[in-house]
Amino acid sequence: MRSLVIDTDTASDDAVALMMALRHPEVEVEAITVVSGNVGIDQAVQNALYVVALCGEEVPVHAGAAVPLVQDLVTAQDVHGEDGMGDIGLPVRGRTPAGGNAVDVLIDSFLDRPGEIDLVTLGPLTNVALALVRAPEVARAIRHCYIMGGTGAGHGNVTPLAEYNFWADPEAAAIVVRAPMPKTVVGWDISVASATFSPEEAAELRSLGTPYAEVAVDCQAVVDGYARDTGLAGFDLPDPIAMAVALDPSIASTSHIYMEVLAGAGPDRGVQSIDWQGLGGREPNARVVRQVPRASFVEALHRELS
């Protein structure tokens, strides 16, 4: 049984990724820590609590950072809806999170069980960066960190070159990427290539007939329209494909390589700089995913939502 801690800014695709982990028979989710990003912190917490309840689990959900380290908070509610879950009327309010701040929970979870727990991050990296700054030894206590962020090839989804999670808090992303822990980075380009769902493919997923599959499709209502505006065939699922890699790393082709994230507020904000050719002579610090076969991802998604 593998143990995970999941850090999330819970909105529509995060919710699907959480369902995949919560329903996986060989995974124990020890805690869910929540950060602001797609929506504000209070709504992100409520969305995580809703998913935990939907899956019939009792995993503690902890609220964390409400704002980025340096930048102003810019949510993605234009993409995910005001409630982050597609504004389809889901009961995403009124639940009570567990006590304790998410940053403290991250520190305690990994230091109490060094080398035993994987970390999966689905949102901006503010919570994780704060934990690493406060307790640098956490980096070597994390068994492996799987990060949904950046774009290894192709364009960004918030600026021409930057993906939202790294752009939303680039200073935090820079800290986490530099930290001496084993890490795998799954960029938005992987989602575009292998996790985009046309209306017909979405209908096939929904036809699984479970409440998990129905919510997984229905809560993409706003994302679907945004995706077509950006030229995709339908909605895409970046956090679920990152979770699929975390659950089964063997499905991903990766390059062990040096990368960094550019901080600041200029045009390079949040850009993932990858030394593909090794020209800088620096030691590799991350495994960057280059490909996930679509069939492998869809199989994992259908299996966990069935």
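A residue is called buried when its relative accessible area is under 20%, exposed when that area is over 50%, and partly exposed in between, as tested with a 1.4 Å probe on protein chains only. Gly64, with a relative accessible area of 16%, is therefore buried. The structure is a predicted model, in which local features need pLDDT of at least 70 and side-chain atom pairs count only at pLDDT 80 or more, while totals for chains, interfaces and linings use all residues. Residues are numbered from 1 along each chain as its sequence is written, and side-chain values use heavy atoms, with hydrogens and water left out.

Helices (H or I, at least four residues) and strands (E, at least two) are DSSP runs, numbered from the N terminus. In these terms Gly64 belongs to the loop between β3 (61-63) and α3. From Gly64 to Gly84 there are 20 residues in sequence, and their C-alpha atoms lie 17 Å apart in space.

Two strands pair if DSSP finds at least two bridges between them. Strand β1 (residues 2-8) runs parallel to β4, and 5 bridges join the two; Ser3 stands opposite Ile117 of β4. β1 also pairs with β2 in the parallel sense, over 7 bridges, and here Asp7 has Thr33 in β2 as its bridge partner. Strand β2 (residues 27-34) is mostly covered, since 6 of its 8 residues are buried.

Strand β4 (residues 117-121) has 5 of its 5 residues buried, so it is largely enclosed by the rest of the structure. Both of its faces are covered: one side carries Ile117, Leu119 and Thr121, the other Asp118 and Val120, and all are buried. β4 pairs as well with strand β5 (residues 145-148), in the parallel sense and over 3 bridges. Thr121 has Ile147 as its bridge partner in β5.

The aromatic side chains come next. Rings of Phe, Tyr and Trp (its six-membered ring) pair if their centres lie within 6.5 Å; planes under 30 degrees apart count as stacked, over 60 as edge-to-face and the rest as tilted. By this rule there are 3 aromatic pairs. In one of them, Tyr164 and Trp167, the ring centres are 6.4 Å apart and the planes stand at 40°, so the pair is tilted. Because Tyr164 and Trp167 are 3 residues apart in helix α7 (residues 164-168), about one helical turn separates them. Both Tyr164 and Trp167 are buried.

Another pair is formed by Phe197 and Phe297, whose ring centres are 6.3 Å apart and whose planes meet at 70°, so this pair is edge-to-face. The pair links distant parts of the chain, 100 residues apart: Phe197 is in strand β7 (residues 196-197) and Phe297 in helix α14 (residues 294-305). Phe197 counts as buried because its relative accessibility is 1%, and Phe297 counts as buried because its value is 0%. Together with Phe235, Phe197 and Phe297 form one aromatic cluster.

Two of these rings also meet a charge. A charge sits over a ring if NZ of Lys or CZ of Arg is within 6 Å of the ring centre and within 35 degrees of the ring normal. The charged end of Arg269 sits over the ring of Trp167, 3.8 Å from its centre. Over the ring of Phe197 sits the charged end of Arg294, 4.7 Å from the ring centre.

Tyr164 leads on to the largest pocket, as it is among the residues that lie nearest the pocket centre, together with Asn38, Val79, His80 and Asn157. The lining of this pocket comprises 27 residues. A pocket is an open set of points, on a 1 Å grid over the protein atoms alone, where a 1.4 Å probe fits, with protein on both sides within 12 Å along at least five of seven lines; lining residues have an atom within 4 Å of a point. Among the elements that each supply at least two lining residues are α1 (12-22), α3 (77-80) and α7.

Finally, Asp87 lies in the loop between α3 and α4 (102-112). Most residues other than glycine have a negative phi. Asp87, although not a glycine, has a positive phi of about 55°. At 44% relative accessibility, Asp87 counts as partly exposed.
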